[in-house]
Amino acid sequence: MDIDSSMNRKQDLYTLLKSQHEAEVKEMNHYMTVLSRMNNGIIKNYVHKLLDDGLRHIEYISTLMSSIEGASSSLNLTKQGIVKSIDEEKESRDLLLKCVSLADDVETKSLLKSIIVDEEHHIKILEHIEELVSSSGK
Ligand SMILES: [Fe+2]
């Protein structure tokens, strides 16, 4: 196979992978939306399974896309990217804190507070990742 057609095949593959990436995100969005309206525990478990798989598929597809793109843009795990993620998690936490102050019933408050605890944990995890990335000389 000549270089041109090999390049074209790679480009076509990349385009299809990108479409599939978008499709997986869309599916997951839909499953997440319907999840809250479900009461049946067994069905909820199945939908969680679909979401788990979707997340894994997105990870695989992203890896394949990055390898086609080359090393240049495959590094979203830059210090800058992590700092941005930390800011986003902090924004989520602050927004949820506002929600808590606006919520009147105890159940709503405690549910929101449990998410805030998770977000605090996410911030800690990301700060640790940041340290790991910095010390590995990235
Ligand atoms: Fe989070």
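A: Helices (H or I, at least four residues) and strands (E, at least two) are DSSP runs, numbered from the N terminus. This is a predicted model, in which local features need pLDDT of at least 70 and side-chain atom pairs count only at pLDDT 80 or more, while totals for chains, interfaces and linings use all residues. Residues are numbered from 1 along each chain as its sequence is written.

The chain has five helices and zero strands, and from the N terminus on its elements run α-α-α-α-α. Along the principal axes, the C-alpha trace spans about 70 × 45 × 20 Å. Of the 138 residues, 3% count as buried (20 or more other C-beta atoms, placed from the backbone, within 10 Å of a residue's own; 12 or fewer is exposed, and in between is partly exposed).

H1 passes H2 in a left-handed crossing, meaning that the near helix is turned anticlockwise from the far one by less than a right angle. The residues of this contact between H1 and H2 divide into 17 nonpolar, five polar and five charged (nonpolar: Ala, Val, Leu, Ile, Met, Phe, Trp, Tyr, Cys and Pro; charged: Asp, Glu, Lys and Arg; polar: the others, Gly among them).

The loop between H1 and H2 contains Arg37. Arg37 counts as exposed because it has 6 C-beta neighbours inside 10 Å. Between the C-alpha atoms of Arg37 and Lys84, which are 47 residues apart along the chain, the separation is 32 Å.

The second pair is H4 and H5, whose axes come within 9 Å and cross at roughly 165°. H4 and H5 are therefore roughly antiparallel to each other. The crossing in which H4 passes H5 is left-handed. Its contact residues comprise 14 nonpolar, four polar and 10 charged.

Ala103 lies in the loop between H4 and helix H5 (106–135). With 15 other C-beta atoms within 10 Å, Ala103 is partly exposed. When its neighbours within four places in sequence are left aside, Ala103 is in contact with Thr108, Lys109 and Leu112 (C-beta atoms, placed from the backbone, within 7 Å).

Asp87 belongs to helix H4 (residues 79–102), and it counts as exposed because it has 12 C-beta neighbours inside 10 Å. The C-alpha atoms of Asp87 and Ile123 are separated by 8.6 Å, although these residues are 36 apart along the chain. In helix H5 one finds Glu127, which counts as partly exposed because 14 C-beta neighbours fall inside 10 Å.

For the chain as a whole, 65% of the contacts between residues at least 6 apart in sequence join residues at least 24 apart.

Terms used:
Two residues are in contact if their C-beta atoms, placed from the backbone, lie within 7 Å. Axes are lines fitted to C-alpha atoms, for helices over the stretch in contact, and angles run from 0 to 180 degrees between N-to-C directions. Angles under 35 degrees count as roughly parallel, over 145 as roughly antiparallel, 65 to 115 as roughly perpendicular and the rest as oblique.
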